Amino acid sequence: MCKNLKLLRFIFLITLFTSFASFAQTGSIKGNVTDSTGESLPGVTIVVKDTSMGTTTDFDGNYVLKELSNGDYVLVISYVGFNTETIKVTVNGEQTLNVSLKEDLMSLNEVVVTGFSNPKKKIESSVAITTMNAKQIESQAPQSTADLLTSIPGFLVENSGGETGNNLFARGIPSAGAY
């Protein structure tokens with residue numbers, strides 16, 4: 001009986017030590033993603049390169065990648081309208097990595113929705129493209145979609161019809177103008 005009790009204690013201690021050892025070999029990466037002015041960016045994609053592991057930032061720009069084995073990783077951080085960042089990080093327990101993304105001033109790698117059957121990037125497109133980010137729209141303070149269209153070359157918008165009776169003329173398309 002005493003031998004069995006010693007054996008059970010030995011097995012229990014081995015199990016306990018191996019579970020602690022495997023627990024100690026995992027870590028996490030957490031942090032915050034902002035733009036160059038310090039504003040938090042919600043919805044930023046953070047992916048561990050060459051794996052299926054990843055996450056997105058919450059409303060306040062915070063993220064957490066959990067249950068990573070200790071070691072070296074490459075994070076790919078991307079967000080529409082900003083340059084993609086590739087950052088090397090070594091995980092040894094809990095790591096904090098705050099990132100500031102820079103705006104992609106040319107936005108040439110954004111995917112553009114067009115009338116073509118093949119998706120193309122802005123730089124590959126053969127048609128005129130006008131894009132506006134959230135800050136540009138906010139600074140224009142539009143009261144309607146027609147107000148937004150005034151900033152697109154090739155559109156003439158007459159606001160003479162009131163809030164809902166705008167006249168819209170697109171270059172090259174014959175129209176009575178009613179919007």
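Visitor: What is the basis of the numbering and the values?
Guide: Residues are numbered from 1 along each chain as its sequence is written, and side-chain values use heavy atoms, with hydrogens and water left out. The model is predicted: local features need pLDDT of at least 70, side-chain atom pairs count only at pLDDT 80 or more, and totals for chains, interfaces and linings use all residues.

Visitor: How many helices and strands are there, and what makes a run count as one?
Guide: The protein has three helices and twelve strands. Both are DSSP runs numbered from the N terminus: helices are H or I with at least four residues, strands are E with at least two.

Visitor: What makes serine 69 buried, exposed or partly exposed?
Guide: Serine 69, in strand 4, has 44% relative accessibility and therefore counts as partly exposed. Beyond its neighbours within four places in sequence, serine 69 is in contact with Gln25, Thr26 and Val91.

Visitor: What share of the protein is buried?
Guide: Of the 179 residues, 23% are buried.

Visitor: What makes a group of residues a nonpolar core?
Guide: Such a core is a set of buried Ala, Val, Leu, Ile, Met, Phe, Trp, Tyr and Cys residues joined through side-chain atoms within 4.5 Å. The largest one here has 19 residues, and Ile29, Val33, Leu75, Ile77 and Leu101 have the most contacts inside it. Strands 1, 2, 4, 5, 6 and 8 each give two or more residues to this core. In soluble globular proteins, nonpolar side chains tend to be buried together. Leucine 101 also has contacts with residues that include Thr34, Asp35, Tyr79 and Phe82.

Visitor: Why is the pair of tyrosine 79 and phenylalanine 82 called tilted?
Guide: Rings of Phe, Tyr and Trp (its six-membered ring) pair if their centres lie within 6.5 Å; planes under 30 degrees apart are stacked, over 60 edge-to-face, and the rest tilted. The centres of tyrosine 79 and phenylalanine 82 are 5.5 Å apart and the planes stand at 40 degrees, which gives a tilted pair. By this rule the count is one aromatic pair. Tyrosine 79 is partly exposed at 26%, whereas phenylalanine 82 is buried at 13%.

Visitor: How do you know that a space is a pocket, and what lines the largest one?
Guide: On a 1 Å grid over the protein atoms alone, a pocket is an open set of points with protein on both sides within 12 Å along at least five of seven lines, whereas a cavity is a set where a 1.4 Å probe fits but cannot get out; lining residues have an atom within 4 Å of a point. The largest pocket has a volume of about 560 Å³. Its lining has 23 residues, with Phe82, Glu103, Asn133, Ala134 and Lys135 nearest the centre.

Conventions: Points joined across faces, edges and corners; volume = space filled by probe spheres on them. Buried < 20%, exposed > 50% of the residue type's maximum accessible area, 1.4 Å probe, protein only. Contact = heavy atoms within 4.5 Å.
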